[in-house]
Amino acid sequence: MARIKPQALLIQSKKKKGPTRISITTIVMCNLIIALIALSLVATYRYWSRRSLDQSGSDLSTLEDIGGLVKKYDLPGYAILNTSKGPITVELFKDGSPEVVDRFLDLCQKGHFKGMPFSHVIKHYVIKGGGSQGLGAAEDWISKGKLRSQLVTRPKHEAFMLGTTKNRLDDKGFELVITTAPIPDLNDKLIVFGRVIKGEDVVQEIEEVDTDEHYRPKSSVGITGVILKREI
């Protein structure tokens, strides 16, 4: 058996331990995988960041809505109109006419209705509190001889409803109208924002006062003050 020389063994060992070559294709594939992982991490981060912001905005919106509801239901829901004939208790429609109710409450706090006279009283029709000299649409309708029985009655304009004229909502012109009978033909001019729940007899007593040909009371009758209450 022939012996292999030590020098030949050394050369053969070096050949076996030589570095393994990595192909270009393998390097490119590894770089692509790393890039895809990085892009995936960035996309995931952006998604959760956006979701967190959306959730935060939704929570703030919910809190604002809840705050608005709390504020609305914290407002007085009733008003007692003290008149020279006695008190009239009114339930306010905070849900049905929120803007008008807010205006009414603001004017009450400013004392706008204190001393307000009932400027016009029309039997079986309306009593109106306010400083304007003309009755407006109501007097025109009566002069034309409209018959209530020929008109369709709407619940919001039944007797003992509290409203104000649509074209006079400023501080000086805000008028109070209380219907004393179903008045469906006031739909175009009147905004109803409450109803009388106590003191109908007082309304009827005011309705009985003597008036001139322009429906103005001959004797002074009016509102002496307003008391606001959350509950009755």
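Mentor: Two strands count as paired if DSSP finds at least two bridges between them. The model considered here is predicted.

Trainee: How many bridges join E4 to strand E6?
Mentor: Strand E6 covers residues 176–179, and E4 and E6 run antiparallel. Within this arrangement, Lys128 stands opposite Val177 in E6. Pairing requires at least two bridges, so E4 and E6 qualify, the number that joins them being four.

Trainee: Which are the edge strands of the open sheet?
Mentor: Eight strands form the open sheet, with antiparallel pairing, in the order E3-E4-E6-E5-E7-E2-E1-E8. An edge strand pairs on one side only, and this applies to E3 and strand E8 (223–229). The twist from one strand to the next averages 25 degrees. The edge strands are therefore the two at the ends of that order, namely E3 and E8.

Trainee: What angle does the direction of helix H3 make with that of E8?
Mentor: Helix H3, residues 98–109, packs on the sheet. The strands it touches are E1 (78–83), E2 (86–92), E5, E6, E7 (190–198) and E8. With the direction of E8, that of H3 makes an angle of about 120 degrees.

Trainee: With which strand does the direction of helix H5 make about 120 degrees?
Mentor: Helix H5 spans residues 200–207 and packs on the sheet. It touches E1, E2, E3, E4, E6 and E7. The strand whose direction makes about 120 degrees with that of H5 is E2.

Trainee: Is Phe160 buried or exposed?
Mentor: Phe160 is found in the loop between helix H4 (137–143) and strand E5 (161–165). Its phi is near 65 degrees, a positive value in a residue other than glycine. The relative accessible area of Phe160 is 17%, and the cut-off for burial is under 20%; Phe160 is therefore buried.

Trainee: How does His124 count by its relative accessibility?
Mentor: His124 lies in the loop between strand E3 (118–122) and strand E4 (126–129). Although not a glycine, His124 has a positive phi of about 60 degrees. Its relative accessibility is 43%, between the limits of 20% and 50%, so His124 counts as partly exposed.

Trainee: What is the area of the nonpolar surface patch that includes Ile24?
Mentor: Ile24 lies in helix H2, which covers residues 24–74. With a relative accessible area of 68%, Ile24 is exposed, because this value is over 50%. Together with Val28, Met29 and Leu32, Ile24 makes a nonpolar surface patch of about 410 Å².

Note on methods. Residues numbered from 1 in each chain as written. Predicted model: local features only at pLDDT ≥ 70, side-chain atom pairs only at ≥ 80, totals over all residues. Heavy atoms only, no water. Patch = residues over 30% accessible without salt bridge, like charges linked within 9 Å, V, L, I, M, F, W, Y side chains within 5 Å. Areas by Shrake-Rupley, 256 points an atom, 1.4 Å probe, with all protein chains shown as cover. Salt bridge = Lys/Arg side-chain N within 4 Å of Asp/Glu carboxyl O. Buried < 20%, exposed > 50% of the residue type's maximum accessible area, 1.4 Å probe, protein only. Axes fitted to C-alpha atoms, helices over the stretch in contact; angles between N-to-C directions. Contact = heavy atoms within 4.5 Å.
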